[in-house]
Structures are given as C-alpha cells and as structure tokens.
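Work through the two exercises below with the model at hand. Each task is followed by a solution in steps.

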There are 2 protein chains.
Amino acid sequence: MQDSSFIGIVAPHTAHFPQALTLKSGEVLPEFDIVYETYGTLNSTKSNAVLICHALSGNHHAAGKHHENDKHPGWWDNLIGPGKPLDTNKFFVIALNNLGGCHGSTGPASINAATGKPWGSKFPMVTVEDWVSSQAMLLDQLGIQQLAAVVGGSLGGMQAMQWTLDYPDRVRHALVIASAPNLTAQNLAFNEVARQAIMTDPEFYNGDYYEYQAIPNRGLRIARMLGHITYLSDDAMGAKFGRKLRDGSLKYNFEVEFEMESYLRYQGDKFATAFDANSYLRMTKALDYFDPAFPHHGDLSLALAKAKADFLVVSFTSDWRFSPARSREIVKALLDNELSVSYAEVTAAHGHDAFLMPDPHYHQILRAYLANIDTGASA
Amino acid sequence: MQDSSFIGIVAPHTAHFPQALTLKSGEVLPEFDIVYETYGTLNSTKSNAVLICHALSGNHHAAGKHHENDKHPGWWDNLIGPGKPLDTNKFFVIALNNLGGCHGSTGPASINAATGKPWGSKFPMVTVEDWVSSQAMLLDQLGIQQLAAVVGGSLGGMQAMQWTLDYPDRVRHALVIASAPNLTAQNLAFNEVARQAIMTDPEFYNGDYYEYQAIPNRGLRIARMLGHITYLSDDAMGAKFGRKLRDGSLKYNFEVEFEMESYLRYQGDKFATAFDANSYLRMTKALDYFDPAFPHHGDLSLALAKAKADFLVVSFTSDWRFSPARSREIVKALLDNELSVSYAEVTAAHGHDAFLMPDPHYHQILRAYLANIDTGASA
C-alpha cells in the first residue's frame, strides 16, 4: 500500500548548456549538462518554485523512486512530497546534480569533447558560486525568474546563502540548514586528510585513473569512513554502537572486533563503489573555498549586505561539524542587515546527519515556515 | 649556556628477558628486549623510582639529549629534570619503550629468532596489561620492588591505572593524565580509520612489508594526519591556523591552499618515515582493548576495587579525544573505593596535546603533587 505522501515514480531530465561558463577560478567550462528532477507542478505565474541544493555526496534524486523496485527513495524523501513539510501540492520542487558531480551532470568522469577522453585531472575546480551560476542558468532554461525558496543543508546551505548574494532579486526565501559561513581549521583539516587518502592512492594516477581502468577506491573508502565520523555525534555513536563487540568476545587480531568498525567498513565499502573520487575531491574543495566574508576582510555582516531574502536558519545541538555557533554567526550577520530571519536550534542527538532525518520538531519548523511562504493565488 | 634544569646527555640501555611472556591474547612471546632510559639516582632503599609510561607514538627517550647536537630533547623533557616538576634530584625516573614499539624494544620489525626473519604480521597483539607485566619484569631486573609513582598521559595514563590494579602493592602513587577508562565509539572509529588507511596501503603486504623492501608510508601518513586532528582542539587549530592561506591567494588546485593543510602534510610526512606501521597498528589496538570495567559488566568502581595507590587525575578542558568527563568517571570510581584522589581539570586551549605542554598551571599541579610524595629519608 502506497503512502499518499509519497511522490511516486520520478524520472531525471538532462538540460544541455551549449554556452561557455567562466568559473570563479578563471577556467572555462565550454559546455555542460545538468541533470535534474522536479516534483509537483509549476504554477501559471511560476511563483512556486523551490530549489534544493545538495550536500557533499548528494545528487538530483531528492525524492520519489526511479522504479517500483527501487530499494530506497531519494535522499530527502522524508521532507518532499504531497502533504510533507516541503509540500509538492503547493511547491514545484527542483533538485539537481551539481557540476563536478558524478550522477549525470558534467563532471570529471564526463567526456571532454575537445579531447574525446574523460576530463579527469583537467576538470576545473568548481565553487559554490559556480554552482549557483549554473543553477540560475537551469532556472532560465525552465523559464523561472524567481524562486519561492532555495533550500539546502550543510554544503547545500552554503549554496542557499550564496543564492541570496548573487541573485538577491531571484530568491524570496532561503532555508540554510546545518550550515556555516565557512569551514573552520578543523573542518579544513578533515577535508585535507580525506583528499590525501584519495590522491596518494596508487590507483589515482593524478586524477586520470579512468584511462588506466583503475579506481582509487581504497582512498575514497578511507575518506568516506572519516566523513562518517564527522557526520555523527560522539553521543549518537555511543548510543548506537558504544563498545559493542561484533562476535561477543575479543579476537585479538585485525578483523572487526567492534560493531563500530563494522559500520565504518560497510559505509566505506558501499560509497567507494558508488561515487567518483574526482567528484569527491572537488566537493570538498568547494566546501573549503566557500567564505563569503573573505573579500570583506572577514566581516560577514558586510558580506551579507546584498541579501534581500527572508531566512530560516536551522542548526542541531549535537552537530560538531557545523555547530550551532556557526549558524548563530549567520543569524547575527543577517540581523545586522535588518533582514527577516527565523532561527531554530533543534535539540537532536544525531550530529550533522540530523538535517537528513525526520526529527518531528525539525520537520515541524520547516513545515510551518514553508506553509507561510506566499506563492500567489494561482498556486 | 646549558639550563641547570636540563638533565644533559643520556643513553638508552637494553634489558634482555630470556623467559617467555604469555600475553593476554594467549599468545606467547618467547623472549624479548626492553629499551629504557633512567634519569636521576636510585636511592639506597630503592624507594624513589618513578615509571613513565608512554602514549601512542612515544618511546623511552623522555628527557635529555642523546648527544650535544641533538635538535630535540626527549618528549617529556619539559617535565623531567633537576628542579623540574618531576625532579631528578629527588626521583629516579625510568622511561621505557613498550613491547610492540619500534624504538628498540621487541616489536614487529624485530627479528623472530625462530624464523630468522622480522616478526611482521606474526607479532602478537600486545595490551596495556601486557605492557604492565613487562614493565614489572623490568623493575624486577632493576631490583625495584615498589614504585614511588607511575606517571602517564593518554595511553600512558591507562598503563598507570592498570599498574594499580595488577600490582597494587608495587605502586604508591598513580598520575593519570588526559586519559580515560576506555575508548568511546568515536575514539574506536578514529583508530579504525587510521588502521584501515595503513592496512589497505598496497605496500602493507599483510604486515610483512619488511620482506618486500616496502613501507606502507602512504597509509601511515594518513593515519598520523588524522591523529593530529584529534590531538588538537578546534579552537587551538583556529587560533594557530584558522583559514590562513599559504601563499596569500587561492590557487584553485590541489596543492596546499591553507596553512592547516601544510601543517598536516608536514606532520604526516615526518611521522611516516620515522615510525613503523605495524607498531602503530598495535598501539591503536592496545587503546581499543583497554577497558578494566569490561570483566565487571561495565562497573568501573568494581574494576578499580583492587587499587591501593593514591591518585592524581588531570584532564584538560579542550581535550575532546579524552574529555574531562572521562577523567571524572575515573575519579568517581576511585572515590567509590574510598581511595585518596586529587583531581585537576586544567583550563587549556591545546586539546589532548596539552598533556605534553609546559602549561604553568598544569606543571604547578604536578610539581605540588610530586613534591609531597615521600621517598624516605635516604632520598
């Protein structure tokens, strides 16, 4: 029996952009594809569009299933659907795969038309600003002038913030969830270890492993295991795994002794076969580079002065990757600019991952905020 | 001009143990060597001996220099010397390299007499309990029946705790610094990622890399970079590195952009050429296994009931690897047993590494505690 709030079977679309995109680095992407999905119906005044921006390893498949036998729905399916907090009876939701990704949008594994070979190491660095530019080009192609809202968690929240700065007239609401105005030194450090694990994998071939029929999956596996530690809180890990032994007694060897080890190995193995290492590298770099206050000598209030949108900022108490203190920095800077900002610090045990979970309090906050967004009479 | 509190030039000694040592795993080490250094003079009643237990990557060279041109003194030189908190005018200090290490004591890189080849993958798992047993054998050989104190930070603190349980009559004081009664799930997780980085390095050869003239230094480098993140606090990293750029402007490539990255790469490179991967693996496993409450169904108070020593427990506010809360668990369990325990929670920014630093408040606490230890009239 199908849940009536389930969006159902969805299919991705591909938008081709024949025009060149000059990136923040100065490099030029001569042409590109963006893969996206939509949920709900665009209203006649095109005033009900909501853009979903994905995080590090996310993609365009945010809700629904691709076919009846799909084991898992999209990554934010608990949020998006008819009657769900992001209600597809009201909103036309767009989710896309960012440039540099590995789920259909142009990325390092794509064929570079100029050489006939995969881009590999030659694929340019992409930034949050570049993603926002390309997302705006997608909206142009869809004929959508203004978003009712842009929504993102973690790295996705950074894109939501950037939208309000680069296209202040094209976005009415920004939902910035479990995010930060930039990475701390510790955040940078974790990313660097992840990248070094990948880049020193002998199968990496300086990023051109496709040509060698090689995959640096050892390095990617380590990177993902490490990532998982930072997504969960110490308490959540303690509650879920603690020091539970896999087989009831100690073996005194290097096989799995603790459930914790088993979980990490499983997560690492699964990811290493499903994600492209070059994409992972670039996603972590986009995180590193995001820092809207940088051109303003660290003054975030000055940096956010261009924004016009209303904001909902949400953080989670146990998130030590992007702690509530980082969200409060954003809130403070928005208030300095006399913008309309709602802030919720949700008590949640799951750490950074909480933004993906259907915590009732968290979902109520999103539901209430989104319900109040005006999409015009023809919604 | 030499500082009068500097211990001066020191030389290591090697103690050989021809007798077999049955380890906690049930495996037997048929014979072994322990490398150690001593500082100060053993008094006539042999009542002034202090044992230093080292942490993950430590060794027997705790103080002084090996020759005049040594760039760096021993790892705890700021603590040990004439007139220093651990005063060698009063105490006879013994520091050793633990079994399984790579600085002279028998370890995975040592030759196994039975095969004529390095132990490699065949070197047995060593535990905190095994180290304490072998340390007691070294004291036997030195004719020392009872320690005035056993001192250790981090993994070294676990050994100090274990001493009071396995040899309650052989230790009068235990100084347990920046330690914990066991590892949390998050601690276990970090160790597992470090080990997987080493063990999936193609140069690891299942631990028998010595025979292949190979070194899994890529994996060991990643493990150490990761370790460094957990040794420092987020705040300390922020204060030291923040988001400082290496070259003043962004390069948009995978070279070092941030000072933070440069620091981690340097630390990783340095360690990977100086430490043995098999030793690192075993040190992390010893950490994982330490859990005196385990045979008592998690009841630490019951576990510590055998202890008779007086305790000084020290934690550091910014230590998120072994947080003050973990030290308080130890203090609580000691108090439950009506033992004499002093506890200091030192306000320090450096994170776990603070136990190695000459913080004045921290050193005053150690100095005061150690000054009060009675070593008899002949000291």
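Helices are DSSP runs of at least four residues, numbered from the N terminus. The model used here is predicted.

**Exercise 1.** Locate the residues under the UniProt annotation "binding site" and decide whether they are buried or exposed.

Solution.
1. In the unreviewed UniProt entry, this annotation covers A:Arg224 and A:Asp353. They span 130 residues in sequence, yet no two of their C-alpha atoms are more than 13.8 Å apart, so they gather at one spot.
2. A:Arg224 belongs to helix H4 (residues 217-231) of chain A, whereas A:Asp353 sits in the loop between strand E14 (341-346) and helix H10 (360-371).
3. The cut-off for buried is under 20% relative accessible area. A:Arg224 has 12% and is therefore buried; A:Asp353, with 14%, is buried too.
4. Beyond neighbours within four places in sequence, A:Asp353 is in contact with A:Tyr231 and A:Leu232. The contacts of A:Arg224, on that basis, include A:Tyr231.

**Exercise 2.** Find how the residues under the annotation "active site" are placed, and which polar contact joins the side chain of A:His352 to another.

Solution.
1. The unreviewed UniProt entry lists A:Ser154, A:Asp319 and A:His352. Their span is 199 residues in sequence, but no two of their C-alpha atoms are more than 10.6 Å apart, so they gather at one spot.
2. A:Ser154 lies in the loop between strand E11 (149-153) and helix H2 (155-166); A:His352 lies in the loop between E14 and H10.
3. A:Ser154 is buried at 7% relative accessible area, and A:His352 is buried at 2%.
4. Leaving aside neighbours within four places in sequence, the contacts of A:His352 include A:Ser154 and A:Asp319.
5. The side chains of A:His352 and A:Ser154 are joined by a polar contact of 2.8 Å.

Note on methods. Residues numbered from 1 in each chain as written. Chains lettered and ligands numbered in written order. Predicted model: local features only at pLDDT ≥ 70, side-chain atom pairs only at ≥ 80, totals over all residues. Heavy atoms only, no water. UniProt positions renumbered as here; feature names shortened; annotations may be inferred. Helix = DSSP H or I, 4+ residues; strand = E, 2+ residues; numbered from the N terminus. Buried < 20%, exposed > 50% of the residue type's maximum accessible area, 1.4 Å probe, protein only. Contact = heavy atoms within 4.5 Å. Polar contact = N/O pair within 3.5 Å; in protein donor to acceptor, adjacent residues only side chain to side chain.
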